[in-house]
Amino acid sequence: MLEVRALKKEFQALSGQPVVAVEDFSFRVEAGQFVSIVGPSGCGKSTLLQCIAGLSPPTAGRVLLHGRAVTGPPEGLILLFQEYNKSLMAWRTVFKNVRFVLENPANMKRSEIDAETQRFIELAGLKGFESHYPWELSGGMQQRVAIARALARRPEVLLMDEPFGSLDALTRMELEDTLLRLWESLHATILFVTHDIEEAVYLSDRVCVLSGRPSRLLEEIAVKLERPRNQLSTREDPGFIQTRHRIFKLISKELAVP
Amino acid sequence: MSIAGQIPWKGLPVLAAGLGLWELSSRFFPLVGNYFPPATEVFVTLAAIVGSGEILLHAAASLARFVEGYALAATIAVSAGLCLGLWRPLYMLFEPLIELLRPMPSPATIPIAILFLGIGDEMKVAVTAYACSWPILLNTIDGVRSIDPVLMNTAATFRLNPWERFWKVTLPAASPQIVTGLRVSLAIALILVTTSEMIVSNDGLGFYVLDLQRSFRIREMYAAIVALAMIGYALNRLFVAVDDWVMAWHKGLTRKEEIP
């Protein structure tokens, strides 16, 4: 469904030197999958997502969604950012932040838009916070608003750029489980970027391990852990520990400083 | 917030002391008192010229110029600022011109405006609008240009068309800074209206104050100056009230950021 072919992204550093962020990156995501991308920080994961989301043109290679080349932000694909405090509209209430994405292709009646908005607010665990402004909420709740907003648009593919990177450990676990629940009930397809190996293994069907800059795909690792996943039993499962071990070894080689 | 909550009650002792000092100094030093009548007399005179309607005609003329000049500046400068903020090449084109004109003291345009527009209302409105435009223009440009890329990327990923992006994202995101510009210009508008009326006019508070001074009606002159201060204060209060209402979200946001 989503396919990346030999993608390369190069940009000019401030010094004028060309920097290769991503090199010869190819992979596929099938409908309904939960795929994570992990790699050392600063390796170009976010750049890769920006290219896939059509927000930044690749230097070489192609991104295909349903076989059509992505040249700008495509229909059916939404990118969710880590910085919820910047991506949410501070001047709109929680309800209106979510409603906003349904107003744009105005093919629904007002009452339908409101009902759909309410549905996603409740799915994301935000019932009772409809009339709050985002900045009145905690970080975790704000990211829930961003998730509700992204999913309300019913994207075929949801790209997430380290969405839980700035949250504390407990909030992060809560949101991981909310995300999995939503992913399953909405039959969404998610491409999730993180630098947290355990998070990647816990959430995903498959983990793509990236090298340091320039980012290449080192290995794709299938995660064969049963669903629904559980913060305790899944993380204590020998399969989980082995997968984490393998990914850690791959990445730590990349981190090795002479 | 209620109006009562906005009055800085705690500052009243200093205000009262200032008025007391004014009253006493002019009563006990007759030499000073000749040029500086006691506060009580000034306020009684103010009541008298308000009562006779003398000052009201001048105030109405000044306020009309103020409203026209300020509204003109707000319309033009916000529109121009949005265009310049959105299109970088356009900004590059105009930047040197803006940087050259901006530091020039605005009253210097009065002689030019007299040449082109004569000595009537048009001239006063034009110089007021010119002077008010700068803070609004620069704040609007900066407001648009400092919108976070994450927000614009969010608008892009949700495939907003340029129209929606402008009305639903760019304008509200830049609005706090646009309002800052509008607020700075409020005081400037009053300065330019008064100054231009002092230079050439036969009505308005600026003319009135100068005329009173020239005809040695010193009490009336002070009363008119007090009236100017009160009008400035009232306009600012009105602006703050509207700002608190329209930009309530931003007040809440900044208040929250101040709390550690």
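Analyst: Let's start in chain A, where Glu162(A) sits in the loop between β7 (157-161) and α6; helices (H or I, at least four residues) and strands (E, at least two) are DSSP runs numbered from the N terminus. This is a predicted model, in which local features need pLDDT of at least 70 and side-chain atom pairs count only at pLDDT 80 or more, while totals for chains, interfaces and linings use all residues. Residues are numbered from 1 along each chain as its sequence is written, chains are lettered from A and ligands numbered from 1 in the order written, and side-chain values use heavy atoms, leaving out hydrogens and water.

User: Why is Glu162(A) called buried?

Analyst: Its relative accessible area is 14%, and buried means under 20% (exposed is over 50%, partly exposed lies in between; 1.4 Å probe, protein chains only). So Glu162(A) counts as buried.

User: How do you know which accessibility class His66(A) belongs to?

Analyst: The relative accessibility of His66(A) is 39%, so His66(A) counts as partly exposed. Ser185(A) gets that label too, because its relative accessible area is 44%. Ser185(A) is part of helix α6 (residues 169-186) of chain A. Its C-alpha atom is 24 Å from that of Gly165(A), 20 residues apart along the chain.

User: What makes Arg235(A) a buried residue?

Analyst: At 17% relative accessibility, Arg235(A) falls in the buried class. Arg235(A) is in helix α8 (residues 233-236) of chain A. Setting aside neighbours within four places in sequence, Arg235(A) is in contact (heavy atoms within 4.5 Å) with residues including Glu176(A), Glu198(A) and Tyr202(A). Asn230(A), Phe240(A) and Ile241(A) are also in contact with Arg235(A).

User: Which residues does the cis peptide bond with omega of about -10° join?

Analyst: That bond joins Arg213(A) and Pro214(A), and Pro214(A) is in the loop between β9 (206-210) and β10 (217-222) of chain A. The peptide bond from Arg227(A) to Pro228(A) is cis as well, with omega near 0°. Pro228(A) is located in the loop between β10 and α8 of chain A.

User: Why are α3(A) and α5(A) called roughly parallel?

Analyst: Helix α3 (residues 94-103) and helix α5 (residues 139-152) of chain A pack at an angle of about 25°, their axes 8 Å apart. Angles under 35 degrees count as roughly parallel, over 145 as roughly antiparallel, 65 to 115 as roughly perpendicular and the rest as oblique. So α3(A) is roughly parallel to α5(A). Axes here are lines fitted to C-alpha atoms, for helices over the stretch in contact, and angles run from 0 to 180 degrees between N-to-C directions. Among the residues that meet are Val94(A) and Val98(A) in α3(A), and Val145(A) and Ala148(A) in α5(A).

User: What makes α9(B) and α10(B) roughly antiparallel?

Analyst: Helix α9 (residues 149-157) and helix α10 (residues 162-199) of chain B pack at about 170°, with axes 11 Å apart. The two are therefore roughly antiparallel to each other. Leu151(B), Met152(B) and Ala155(B) of α9(B) make the contact with Arg165(B), Val169(B), Thr170(B) and Ala173(B) of α10(B).

User: And why is α5(B) called oblique to α11(B)?

Analyst: Helix α5 (residues 54-86) and helix α11 (residues 205-214) of chain B have an angle of about 135° and axes 8 Å apart. That angle is why α5(B) is oblique to α11(B). The contact includes Glu54(B) and His58(B) of α5(B), and Phe207(B) and Tyr208(B) of α11(B).

User: What does chain B consist of in secondary structure?

Analyst: Chain B has 13 helices and 0 strands. Buried residues make up 43% of its 260 residues.
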